[in-house]
Amino acid sequence: MSGSPRSDDIRAAALDLFTRQGYEATTMADIGAAVGIRGPSLYKHVASKQDLLAGLITRAMNDLLALHRAAVATTADPVERLRRATEAHVRYHARHRKEAFVGTRELRSLQEPHRSDVLALRAAYESGFRELVNAGVEAGRFRVASARLTSYAILDLGMGVAVWFREDGEIGEDAVVWEYGELALRIAGAGLPD
């Protein structure tokens, strides 16, 4: 789907409807009604509902991967790299709650080859965190029993933010991001004696 204003409107409507109703319960007619286009006319702008879902989830994963790369490129220190990667992860989930929700809940609705493509992106993203943990262990800065479990726990932190965080809530985004960075370092055993 191109980046035209109409395509952007369709994508935004699909994201909203998939979040509220779920992928299976949302029809192309629902999406069309949300943007003022009759259901069949949507096919001039998008190939299928499945392509819409795959595009939304793939875009979110590509955004996360790009943010991760940018965050870790700013320092060689393993502790700071994990902190910055976690902060980028948490900030994304605070700002893109619908994308996070659909990306997690509707993974089950993806069909091949979209499912395998998204799973590969998710594996690459998790691997980036695991590599950061392993680098910190090798440098003697982290102490963990399992780098994989540590990366999963850190990723779950950010994903959970998408569930409860609100811009007008009691705790601001910057405070959440900073505190979750601290929690990630604790999970990785930063500063623990050997």
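Colleague: Which residues touch the most other members of the largest nonpolar core?
Modeller: I10, F18, I31, L42, L52, L53 and L110 do, in a core of 22 residues. A nonpolar core is a set of buried Ala, Val, Leu, Ile, Met, Phe, Trp, Tyr and Cys residues joined through side-chain atoms within 4.5 Å. Buried means under 20% relative accessible area, with a 1.4 Å probe and protein chains only.
Colleague: Which helix gives the most to this core?
Modeller: Helix 1, with 6 residues. Helices are DSSP runs (H or I, at least four residues), numbered from the N terminus.
Colleague: What does L53 touch?
Modeller: F18, Y23, V102, E106, S109 and L110, leaving out residues up to four places away in sequence. Contact means heavy atoms within 4.5 Å.
Colleague: How should I read the model?
Modeller: This is a predicted model: local features need pLDDT of at least 70, side-chain atom pairs count only at pLDDT 80 or more, and totals for chains, interfaces and linings use all residues. Residues are numbered from 1 along each chain as its sequence is written, and side-chain values use heavy atoms, without hydrogens and water.
Colleague: New topic. Where is T26?
Modeller: T26 sits in the loop between helix 1 and helix 2.
Colleague: Buried or exposed?
Modeller: Buried, because its relative accessibility is 0%. T26 touches L17, F18, Q21, I31 and K49, again not counting residues up to four places away in sequence. Its side chain also reaches the backbone oxygen of G22 at 2.7 Å.
Colleague: And helix 8, what covers its buried residues?
Modeller: The cover includes helix 4 (78–95) and helix 7 (147–164). Just after helix 8, G189 takes a positive phi of about 70°.

Notes:
Buried < 20%, exposed > 50% of the residue type's maximum accessible area, 1.4 Å probe, protein only. Helix = DSSP H or I, 4+ residues; strand = E, 2+ residues; numbered from the N terminus. Polar contact = N/O pair within 3.5 Å; in protein donor to acceptor, adjacent residues only side chain to side chain.
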